[in-house]
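Thanks for coming, everyone. Let me put the structure up, and then we will walk through it piece by piece.

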Amino acid sequence: MAVRAPYRSLRGISAVAALLAIGATGCSDVTDAVDSAKDGAKKVARQRSVFSLDIGDCYNPTGKAEGTAYTVEIVPCEEAHAGQVVGEFAIDEGKEFPGDDGISAIADTRCPVEAQKYAPDTWALPKGATLFYYTPTKESWTTGDRAVSCTYTAEKGTLSGTLDTAKSLKPEQLTYLNGSNAVYEALWANQPEKETVEDDLAGYKAQAKAVSAALDAHVKGLKGIEGTEVGKLRSTLTKAAGDWKKAANAADADAFYLAYDPAFTGIDPNKSVAARKELGLATTVPADEAEVWAA
């Protein structure tokens, strides 16, 4: 399996190799070496094939170079770790290997959805936690490998504790998060390849239609949640849904732009901070999202 993250497999040092390296040293040095050997043995015992990763596994890669991964070290989530498996799925795209780019495109689409089932509030993720994935290689594909493991990995430093927050959330929190996540997923998953509306009006209208539908569902879910700020957000998103509908039905590029500007502004994440606070959810807009709407 290949990993879309900066890691390559390296086998941990065995206890025997560590003990042979002790030599004729003092007691303190011997004790340190024995402890090091035990740590090495523990790492070996914890190693697991990337083909057998499970959702919830916290792990450390057995190397730090980008490329093919064979094993990882599974550790208790209470210990410092580099990543955690937060979702998985099987690719069913026919019998032929889709190619590295094809595999990546599938994982780019599916992993955010799978990860949000495990950690719905993406605003509450530790700083630096980024979504990566382990995928089949051309070689493993021929052996029947179709599994993709989605992970949150620390770009720098380590993570601490589990990211499994879905079980601890209240029904109204989950309702809000599922609706909100679906809106932004509709926005980014349907992003046209062309940079300008003039070059792909149909593509941009299709994106607007998807966002509008997601907003309708989100607003419907918010009707069942009490709260002053939630009510205000519901009104804001109702107007935004109307603007996205106008964009979806635009007769030409000019009409699309007129509707798109207020539509995009209407789903600015900053507008949901007060409602999130009222619901007891994270209230710091992720830096990448804040940057998009600031521009």
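**Helix H7 and the overall fold**

H7 has 21 residues, and from its first C-alpha to its last it reaches 30 Å, close to the 30 Å expected at 1.5 Å a residue. The expected span here is 1.5 Å times one less than the number of residues in the helix.

A word on what you are looking at. This is a predicted model, where local features need pLDDT of at least 70, side-chain atom pairs count only at pLDDT 80 or more, and totals for chains, interfaces and linings use all residues. Residues are numbered from 1 along each chain as its sequence is written, and side-chain values use heavy atoms, with hydrogens and water left out.

Back to H7. Its buried residues are Val230, Gly231, Leu233, Leu237, Ala240, Ala241, Asp243, Trp244, Ala247 and Ala248. Buried means under 20% relative accessible area, exposed means over 50%, and partly exposed is in between, with a 1.4 Å probe and protein chains only. What do the buried residues of H7 pack against? They pack against H5, H6, helix H8 (253–266) and helix H9 (273–279).

Now the whole chain. The protein chain has ten helices and seven strands. Helices (H or I, at least four residues) and strands (E, at least two) are DSSP runs, numbered from the N terminus. Of the 295 residues in the protein chain, 43% are buried. Take contacts between residues at least 6 apart in sequence: 70% of them join residues at least 24 apart. Contact means heavy atoms within 4.5 Å.

**Two disulfides**

How many disulfides does the structure hold? Two. As a reminder, a disulfide is a covalent bond between the sulfur atoms of two cysteines. Here the cut-off is a pair of cysteine sulfur atoms within 2.5 Å.

The link of Cys58 and Cys77 is right-handed, at 95 degrees about the S-S bond. Both Cys58 and Cys77 are buried.

Another disulfide joins Cys111 to Cys150, S to S 2.1 Å. This pair links distant parts of the chain, 39 residues apart: Cys111 is in helix H3 (residues 100–118), and Cys150 is in strand E7 (residues 147–154). The link of Cys111 and Cys150 is left-handed, with -80 degrees about the S-S bond. Cys111 counts as buried because its relative accessibility is 1%. Cys150 is buried too, with a relative accessible area of 0%.

Number the bonded cysteines in sequence order, and the pairing reads 1-2, 3-4.

**The largest pocket**

Next, empty space. Rolling a probe the size of a water molecule over the atoms shows where such space is left. The largest pocket has a volume of about 1300 Å³. A pocket is an open set of points on a 1 Å grid over the protein atoms alone, where a 1.4 Å probe fits, with protein on both sides within 12 Å along at least five of seven lines; lining residues have an atom within 4 Å of a point. Grid points are joined across faces, edges and corners, and the volume is the space filled by probe spheres set on the points.

The largest pocket is lined by 45 residues, and the closest to its centre are Thr122, Tyr152, Pro286, Asp288 and Glu289. Which elements give two or more residues to the lining? They are H3, strand E6 (129–135), H5, helix H6 (201–222), helix H7 (228–248) and helix H10 (287–294). H5 gives the most, with eight residues.

The lining divides into 25 nonpolar, eleven polar and nine charged residues. Ala, Val, Leu, Ile, Met, Phe, Trp, Tyr, Cys and Pro count as nonpolar; Asp, Glu, Lys and Arg count as charged; the others, Gly among them, count as polar.

Gln173 is in helix H5 (residues 171–189). Is Gln173 buried or exposed? Buried, because its relative accessibility is 8%. Leaving out residues up to four places away in sequence, Gln173 touches Leu279, Gly280 and Leu281.

Val197 lies in the loop between H5 and H6. Val197 is buried, at 3% relative accessible area. With the sequence neighbours up to four places away not counted, Val197 touches Tyr204, Ala253, Phe256 and Tyr257.

Finally, Ser140 belongs to helix H4 (residues 138–141). Ser140 is buried, with a relative accessible area of 6%. Ser140 and Phe51 are 89 residues apart along the chain, and 9.7 Å separates their C-alpha atoms.
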